[in-house]
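Here is a short briefing to read beside the model.

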Amino acid sequence: MIELVNLSKRFKQMYAVKNLNMFIEKGEIIGLLGPNGAGKSTAISMLSSLIEPTSGDVLYQNKSILKNPSAFRKIVGMVPQDIALYEDLTAEENLMFFGRIYQLSGKELSRKVDEVLEQIGLRDRKKDIVKKFSGGMKRRLNIGVAMLHDPELLIMDEPTVGIDPQSRSYILETVKRFNEERQMTVLYTSHYMEEVEFLCDRIYIMDKGNLIAAGTKDEIKQILSSENTISITVERLNDAFIEALEQHPMTNRVTIGEKEVTILVPRETKAFSEIIKLAESTKLDLVSVDNKTPTLEDVFLHLTGRALRD
Ligand SMILES: Nc1ncnc2c1ncn2[C@@H]1O[C@H](COP(=O)(O)OP(=O)(O)O)[C@@H](O)[C@H]1O
Ligand SMILES: [Mg+2]
């Protein structure tokens with residue numbers, strides 16, 4: 001349906017997005033994952049023709065959207081990172097206002113506004129002024145605005161940042177429902193790997209303007225197939241154990257929590273027996289030693305040496 005071809009955006013000397021290649025098929029939920037500053041918002045602003053690329057192209061059904069952006073805008077619903085609503089109007093008035101911008105009117109507009117209010121779970125709050133809404137409710141209304149013209153592609157830019165956990169799971173469930181019931185194609189941007197892991201069929205991971213991994217969840221986790229992640233829980237950590245662990249030739253990386261230690265080791269290593277030996281020699285009480293299933297967070301750490309949230 002949509003293809004990004006060598007898409008780049010340079011601000012002065014700095015590339016916010018560099019040679020991004022990506023495709024989106026109809027009916028997919030695509031995740032765009034990356035820490036702050038990775039270039040996610042810049043990439044989707046180019047994709048939805050809000051800013052012009054420095055180079056590269058965006059194709060919709062094999063035709064460049066750069067030549068005819070207004071036709072493409074009709075099929076895209078964009079939920080921006082920053083909420084854009086009129087605080088002094090009610091939920092319903094906001095939807096009516098934005099609906100008219102999308103050239104809806106009369107009975108069709110009222111029907112659509114009612115339908116959207118139902119979908120975002122704000123029907124009983126439609127006469128309330130937006131100023132009184134929680135962050136999560138404003139987010140939901142912003143998603144409703146993007147849904148008014150029945151877009152083929154819904155683009156969401158970090159829609160769960162700064163909202164309460166209940167609203168967050170409501171939004172995640174709503175996105176899943178839009179996709180399942182209406183076959184809506186979704187591009188979901190986030191720096192929370194667990195959201196992307198829950199929602200998305202295929203994932204692109206960006207860092208510092210570059211694409212560093214792409215594929216299905218399983219394909220991306222294959223990147224770690226040469227390593228095992230082992231998770232150790234202890235009664236009380238001691239420095240001697242950590243030091244011995246860090247200096248041991250089997251360990252590729254050690255991450256230390258309060259009572260938990262995570263280590264990456266090459267797949268073939270006899271890590272369990274080595275860890276037990278180290279614990280005995282440093283008088284450490286082990287509670288458990290487990291093989292951990294790798295997460296997208298582990299993949300990001302492996303590729304960049306940093307955590308996603310840094
Ligand atoms: N209009 C702009 N002018 C200059 N630099 C920008 C502009 N927009 C974004 N950037 C820079 O581009 C990089 C990527 O930003 P952004 O796309 O917002 O990342 P993300 O959405 O992944 O957090 C950042 O270093 C940011 O400071
Ligand atoms: Mg952003």
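Strand 3 (residues 29-33) is mostly covered, with 5 of its 5 residues buried. Buried means under 20% relative accessible area, exposed over 50%, and partly exposed in between (1.4 Å probe, protein chains only). Helices (H or I, at least four residues) and strands (E, at least two) are DSSP runs, numbered from the N terminus.

This is a predicted model, where local features need pLDDT of at least 70, side-chain atom pairs count only at pLDDT 80 or more, and totals for chains, interfaces and linings use all residues. Residues are numbered from 1 along each chain as its sequence is written, chains are lettered from A and ligands numbered from 1 in the order in which they are written, and side-chain values use heavy atoms, leaving out hydrogens and water.

- Strand 3 runs parallel to strand 8 (residues 185-190), joined by 5 bridges. Two strands pair if DSSP finds at least two bridges between them.
- Ile30 stands opposite Leu187 in strand 8.
- Strand 9 (residues 202-207) is also parallel to strand 3, with 4 bridges.
- Here Gly31 stands opposite Ile203.

- Ser41 lies in helix 1 (residues 40-47) and Gln81 in the loop between strand 6 (76-79) and helix 3 (91-101), so the two tie together parts 40 residues apart in sequence.
- Ser41 is partly exposed, at 25% relative accessible area. Gln81 is partly exposed too, at 33%.

**Salt bridges**

- The whole structure holds 20 salt bridges. Each is a side-chain nitrogen of Lys or Arg within 4 Å of a carboxyl oxygen of Asp or Glu.
- One of them joins Lys26 and Glu152 (3.9 Å, N to O). The pair links distant parts of the chain, 126 residues apart: Lys26 in the loop between strand 2 (14-24) and strand 3, Glu152 in the loop between helix 5 and strand 7 (153-157).
- Lys26 is exposed at 55% relative accessibility, whereas Glu152 is partly exposed at 26%.
- Glu197 and Lys221 meet at 2.5 Å, N to O. Glu197 sits in helix 7 (residues 193-199) and Lys221 in helix 8 (residues 217-222), 24 residues apart. Both Glu197 and Lys221 are buried.
- Lys277 and Glu274 form a salt bridge at 3.3 Å, N to O. Both lie in helix 10 (residues 271-281), 3 residues apart, about one turn of the helix.
- Salt bridges with shared partners join Arg111, Lys112, Glu115, Asp150 and Arg182 into one network.

**Cavity lining**

- The residues lining the largest cavity are Ile120, Arg140, Ile143, Tyr170, Ile171 and Thr174. On a 1 Å grid over the protein atoms alone, a cavity is a set of points where a 1.4 Å probe fits but cannot get out; lining residues have an atom within 4 Å of a point.
- Helix 5 (135-147) and helix 6 (165-182) each supply at least two lining residues. Helix 6 gives the most, with 3 residues.

Definitions and conventions
1 Å grid on protein atoms, 1.4 Å probe; cavity = no way out; pocket = protein on both sides within 12 Å on 5 of 7 lines; lining within 4 Å.
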